[in-house]
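Here is a short briefing to read with the structure open beside you. Please follow along residue by residue.

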Amino acid sequence: MSSSAAATFSSLNAIPPPPSSFSSPANDKLFSSSFPAASPFLGSSHKPRSCVLSAPSPGRRSHAPVVAATAPNAIKEKLAQSPASSSNLLITKEEGLVLYEDMVLGRSFEDMCAQMYYRGKMFGFVHLYNGQEAVSTGFIKLLKQEDTVVSTYRDHVHALSKGVPAREVMSELFGKTTGCCRGQGGSMHMFSKEHNLIGGFAFIGEGIPVATGAAFTSKYKREVLKQADCDHVTVAFFGDGTCNNGQFFECLNMAALWKLPIIFVVENNLWAIGMSHLRATSDPEIWKKGPAFGMPGFHIDGMDVLKVREVAKEAIGRARRGEGPTLVECETYRFRGHSLADPDELRDPAEKARYAARDPVTALKKYMIENKLATEAELKVIDKRIDEVVEDSVEFADESPVPARSQLLENVFADPKGFGIGPDGKYRCEDPKFTEGTAQV
Amino acid sequence: MLGIVRRKVCAKGLPVTVPGETLRFFRPVVHALRNYSSAAKELTVREALNSALDEEMSADPKVFLMGEEVGEYQGAYKISKGLLDKYGPDRVLDTPITEAGFTGIGVGAAYYGLKPVVEFMTFNFSMQAIDHIINSAAKSNYMSAGQINVPIVFRGPNGAAAGVGAQHSQCYAAWYASCPGLKVLSPYSSEDARGLLKAAIRDPDPVVFLENELLYGESFPVSAEALDSSFCLPIGKAKIEREGKDVTITAFSKMVGHALKAADILAKDGISAEVINLRSIRPLDRATINASVRKTNRLVTVEEGFPQHGVGAEICTSVVEESFGYLDAPVERIAGADVPMPYAANLERMAVPQVEDIVRAAKRACYRSVPLAAAA
């Protein structure tokens, strides 16, 4: 079984374009048994499912022969053995601690956000990431500072993973001038030029073309501007609801057409506010949409940071080598409602309990302790440290000043002459009283 | 070369400038040592745009053009003729028909310092991409507090053409000009087209550049300095095309031509009209408009788009707010008819302002203060 599959992997490094045969009726039959209408989408499969471009032989689920890029055979075997542990360790102790710390930071930060919101310190729309940390940590911790991350409104943890200090994110949420966007962006619009986090977009699907543009720039810099070492990749995060949006498909097309260095990461948490993914989508298997456009599609368990990390390495490596885009569907779950204003009445408590049992943070903790990568005490030290970081960020945000009145008119234009010419014939922005009264503008 | 020096404006504060110095950057370059013959060369608007694109692309390798049919087809209206051969497919990109997608890609590239020129086949199609123009381009510098500016240009034909029906004839000047964070330009003559497009491409902010299909083939004389490759016009400054003292007529794009013809007709009736070519819809040159109205005491605004919430509405309000005491007659507003553009040629003619409409409005503005009895 493995040997025949192994034969097809010999050409893994030079990935041929996928053949034109797409999912066939046999394929549908294979998967239809795994999602009866009423039960959770695709169940809690622990085996990574990769794009099957030719009809698989019946009865072989996770080891179906594949043609284009898939998770390398060795990894599949490792991961297939049991849910969250394997005999060959996938991470070193240092890596494990980094991953753990990042996920705990994400979790604690979001929990603190909820507290602050209910105390009135944070306002507007706040969308929390609890439960999905494995996806953010799994991908972003493999990136360099120069690589780009584009997110949606559920962007606090992406910002933290990418390196934006917790203080700046918390201040931004409080609307203080020390925030990463000086309080002008807010929860849904986190930008950091230094860390190459370019949003933070409220409209779903809006970030995908922008991310594709960032990837385009990377390629342009290499090929037109002749910066030969520019191998920056872009990771675009978005949800299951976005995968029904036109811009998603437009960008899959163009990214594959122009072989852009981008990874499209679907954080499929099965719910778009109150709309179940199964009710909204004709074919709920999003990873299949990748091969339809000529790129590999992966489906992985997004509650397991190690699995995410392995596939992320694959996809990022592909992009860096110039082999083009990848679509990765991470099946994950958000423990809280869509936003803090969402009463979250439509989701089945049994479903929530099932996913809560697969909490990515506790899973990694268990993995590390069982495999002797760290002791409970060491991990507790990290927990405590993170608590202090988060509390410090709240204190910092509390003590920071609100934006000055003059900040209202700043940064509308990079060139403020864009405000035009005043009655005295000079540019408005040159008037020293420009920012004092808004009526003149 | 007295080139255009781009000043990096500090994002966290306002620039301190020496009065008068800043305007020098944008005045057309005058080479005192060279002699140019004053016999003007004629250039069509199409050639003007093409040469502007060509020169900007050659000066800065970060400038690239993308849109439908801009490459092999040489441009849907031949504006980008020859550019593919000169710069190759890496810099002149034929896109699939996905406005939202490729506009977003342009914005993402602009976030990272490239300078895309995104062409819409007509601005009607920009509605499919308007989320990116407004939300990810116009608002980004503000939302990121100055970290990320977007040096992108969106250009294409705007407004009514001839017999193309309702979905291809809308004027988007008012829509885009109401959005902070955008600059909206609308040239009339070839000199306008060249200077404003060059300024737009060099500008660090998103610029919506509204051309007019019917003007592409029109020829205008251009001065020698306009042909210089560093020629640039200031954004936010209107041009007084024709001086006058009785009534101010403001217009942009094709309507400037109509206004000038109307001014000729009015001159025969003893009314000296001052015609202002707005050039820049956002920022609007309120200073020039108000100064002109304070001189003539009467205002007629002309535009092709729908009347409600249009450019004329903004100009009239600006004048009423700032120069009310100077007005001798109510402000007159001429716009397209408040209907989707009909197809039949005679109806279309009625739906777009004609020269006679401008003449009539100007006369109304001039005689309004005379009681009817005395006129009889």
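Pro283(B) sits in the loop between strand 12 (280-282) and helix 11 (286-296) of chain B; helices (H or I, at least four residues) and strands (E, at least two) are DSSP runs, numbered from the N terminus. The peptide bond that joins Arg282(B) to Pro283(B) is cis, with omega about 0°. This is a predicted model, in which local features need pLDDT of at least 70, side-chain atom pairs count only at pLDDT 80 or more, and totals for chains, interfaces and linings use all residues. Residues are numbered from 1 along each chain as its sequence is written, chains are lettered from A and ligands numbered from 1 in the order in which they are written, and side-chain values use heavy atoms, with hydrogens and water left out.

**Backbone features**

- A cis peptide bond also runs from Gly199(A) to Gly200(A), with omega near 10°.
- Gly200(A) belongs to the loop between strand 4 (197-198) and helix 8 (207-223) of chain A.
- Back in chain B, Arg279(B) lies in the loop between strand 11 (273-277) and strand 12, and its phi is near 60°, a positive value in a residue other than glycine.
- Arg279(B) has a relative accessible area of 7%, so it counts as buried (buried means under 20% relative accessible area, exposed over 50%, partly exposed in between, with a 1.4 Å probe and protein chains only).
- Asn411(A), in the segment after helix 15 (376-399) of chain A, is a non-glycine residue with positive phi, near 65°.
- Asn411(A) is buried too, at 6% relative accessibility.

**Aromatic rings**

- Over all chains there are 22 aromatic pairs; rings of Phe, Tyr and Trp (its six-membered ring) pair if their centres lie within 6.5 Å, and planes under 30 degrees apart count as stacked, over 60 as edge-to-face and the rest as tilted.
- Phe238(A) and Phe264(A) are an edge-to-face pair because their planes meet at 65°, with the ring centres 6.4 Å apart.
- This pair links distant parts of the chain, 26 residues apart: Phe238(A) is in strand 5 (residues 234-239) and Phe264(A) in strand 6 (residues 262-268) of chain A.
- Phe238(A) is buried at 1% relative accessible area, and Phe264(A) is buried at 0%.
- In chain B, ring pairs join Phe102(B), Phe120(B), Phe123(B), Phe154(B), Tyr172(B), Trp175(B) and Tyr176(B) into a cluster.

**Charges over rings**

- Lys78(B) lies over the face of Tyr73(B), 4.1 Å from the ring centre (the rule asks for NZ of Lys or CZ of Arg within 6 Å of the ring centre and within 35 degrees of the ring normal).
- Lys417(A) lies over the face of Tyr427(A), at 5.7 Å from the ring centre.

**Interface of chains A and B**

- The contact (heavy atoms within 4.5 Å) takes 58 residues from chain A and 66 residues from chain B.
- About 5000 Å² is buried between the chains, and carbon and sulfur atoms give 64% of that area; buried area is the accessible area (1.4 Å probe) that two parts lose on being put together, summed over both.
- Tyr112(B), Tyr142(B) and Met143(B) supply 16% of what chain B buries against chain A, more than any other three residues.
- Across this interface there is 1 salt bridge (a side-chain nitrogen of Lys or Arg within 4 Å of a carboxyl oxygen of Asp or Glu).
- Lys183(B) forms a salt bridge with Asp415(A), with the closest N and O atoms 3.7 Å apart.

**Confidence**

- The model scores ipTM 0.78 and pTM 0.80.
- Chain B has a mean pLDDT of 89, and 87% of its residues reach 70 or more; pLDDT is the predictor's confidence in each residue, from 0 to 100.
- Residues 1-36 of chain B have pLDDT below 50, and this stretch has 54 contacts in the model beyond near neighbours in sequence.
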